[in-house]
Amino acid sequence: MKVTIDGIEIDVPKGTTILQAARMIGPKVAPPAMCYYTKLKTSGGYCRTCIVKVTKGSTANPTPMPKPVASCRTEVMDGMEVQNFTSPDLLEARKGVVEFLLINHPLDCPVCDQAGECHLQDLGYNNGSVKTRYEFKRREFDMIDIGKYIKLHMTRCIMCFRCVKVADQITNNRVHGVMHRGDAAEISTYIENVIENDFSGNVIDVCPVGALTDKTFRFKQRVWFTKPVEAHRKCDKCSGKVRLWFKGEDVLRVTARKDQWGEAEDFICNDCRFEHKRKSDWVIEGPSPISHHSVISQNQYEHLNEKEVEILKHQKALGFMNYDKRP
Ligand code: SF4
Ligand code: FES
């Protein structure tokens, strides 16, 4: 099936979603995704950050779709034409989505462990507006201790459901979920019980914000001062392939290896994640590949500006001259 995204055509198998097709082309056209997670079944469809504009439905029925669609949940049709970064209207709509996601999110990046690898931070910087129009009181919650390894800051949660899917699909013992609706929705307090499982630590890796944090790493170091290294050990519960985060000779934390979309390559067990913090526990493979856009490779926001310039050039090449005049 042929689909054209931001003027770039690609052939994809039937059943591919627009988001997957865009990722096949590359970051230049791939929309951001806060709730979709390749390895978690039925993820996606909650956050709306991945919206795109379908300007031509298909060769058989060229009618444009009347409103933006969630690209992670919409399958490609043959001959479909899609706009993402090349549509000023769409970018304006996404700004609105970001504003909604940030309505209740505290501005505590300076003390949040996720800062520097937070998808919401990047989303806000790349697609958001500098101001909020929200004047009401933000939601407040007490922090919840989830056993000795994990802490939940419900105030930072954006209701992406990824942790619920992890508990459902990776552990065999889901005892938490989203309770209530609308702005009363919250991750249920039964989340404490999820610790009974060997794979519960993966909720930290999939959480796109700083809502679920690793208590063994909390407040130890800003991530951009640590050095990520690929390592492995023999483990009978998981693949044992991890990323170690060093400060000097000390391993400050252990996480799953992430791919270019920030998703775990392999889910790892709690033993590897929390109980092996000595360098000698691991066979070191070498430095982790870190995108030069990442703050971990320093000065991320300058690089993001470069990325924006690249997108603008791409848009101009396609004839979208008005884009850089947007407010
Ligand atoms: S705690 Fe994190 S992973 Fe779970 S729903 Fe909230 S933002 Fe998503
Ligand atoms: S990534 Fe598509 S709706 Fe969240």
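Trainee: Which residues are buried in helix α3 (residues 119–127)?

Mentor: Before the answer, please note that this is a predicted model, in which local features need pLDDT of at least 70 and side-chain atom pairs count only at pLDDT 80 or more, while totals for chains, interfaces and linings use all residues. Residues are numbered from 1 along each chain as its sequence is written, and chains are lettered from A and ligands numbered from 1 in the order in which they are written. A residue is called buried if 20 or more other C-beta atoms, placed from the backbone, lie within 10 Å of its own, exposed if 12 or fewer do, and partly exposed in between. Helices are DSSP runs of H or I with at least four residues, strands are runs of E with at least two, and both are numbered from the N terminus. By these terms, L120, Q121, D122 and L123 are buried in α3, and what covers them includes α2 (88–102).

Trainee: How many helices and strands does the chain have, and what percentage of its residues is buried?

Mentor: The chain has seven helices and 14 strands, and buried residues make up 36% of its 327 residues. Two residues are in contact if their C-beta atoms, placed from the backbone, lie within 7 Å. Among contacts between residues at least 6 apart in sequence, 63% join residues at least 24 apart.

Trainee: Which residues have the most contacts inside the largest nonpolar core?

Mentor: A nonpolar core is a set of buried Ala, Val, Leu, Ile, Met, Phe, Trp, Tyr and Cys residues joined through C-beta atoms within 7 Å. The largest one here has 65 residues, and those with the most contacts inside it are I158, C163, V203, C207 and L212. Leaving aside neighbours within four places in sequence, I158 is in contact with M34, C47, L101, H105, L120, P208 and V209; L120 is also one of the buried residues of α3.

Trainee: Which residues come nearest to ligand 1?

Mentor: A residue is near a molecule if its C-beta atom, placed from the backbone, lies within 6 Å of it. Of the 14 residues around ligand 1, C157, C160, C163, C207 and A211 come nearest; C163 and C207 are also among the residues with the most contacts inside the largest nonpolar core. The shell divides into 13 nonpolar residues, no polar ones and one charged.

Trainee: What should I look for in the phi of M159 and of F161?

Mentor: Most residues other than glycine have a negative phi. M159, although it is not a glycine, has a positive phi of about 60°, and F161, also not a glycine, has a positive phi of about 70°. M159 is found in the loop between β7 (150–152) and α4 (162–169), and F161 lies in the loop between β7 and α4 as well.

Trainee: Why does M159 count as partly exposed, and why is F161 buried?

Mentor: M159 counts as partly exposed because it has 18 C-beta neighbours inside 10 Å, whereas F161 is buried because 22 other C-beta atoms lie within 10 Å.

Trainee: Which residue takes a positive phi in the hairpin of β1 and β2?

Mentor: That residue is D6, with a phi near 50°, in a hairpin that has two residues between the strands. Strand β1 (residues 2–5) and β2 pair in the antiparallel sense over four bridges, and the bridge partner of I5 in β2 is I8.

Terms used
Nonpolar A, V, L, I, M, F, W, Y, C, P; charged D, E, K, R; others polar. Pairing = 2+ DSSP bridges.
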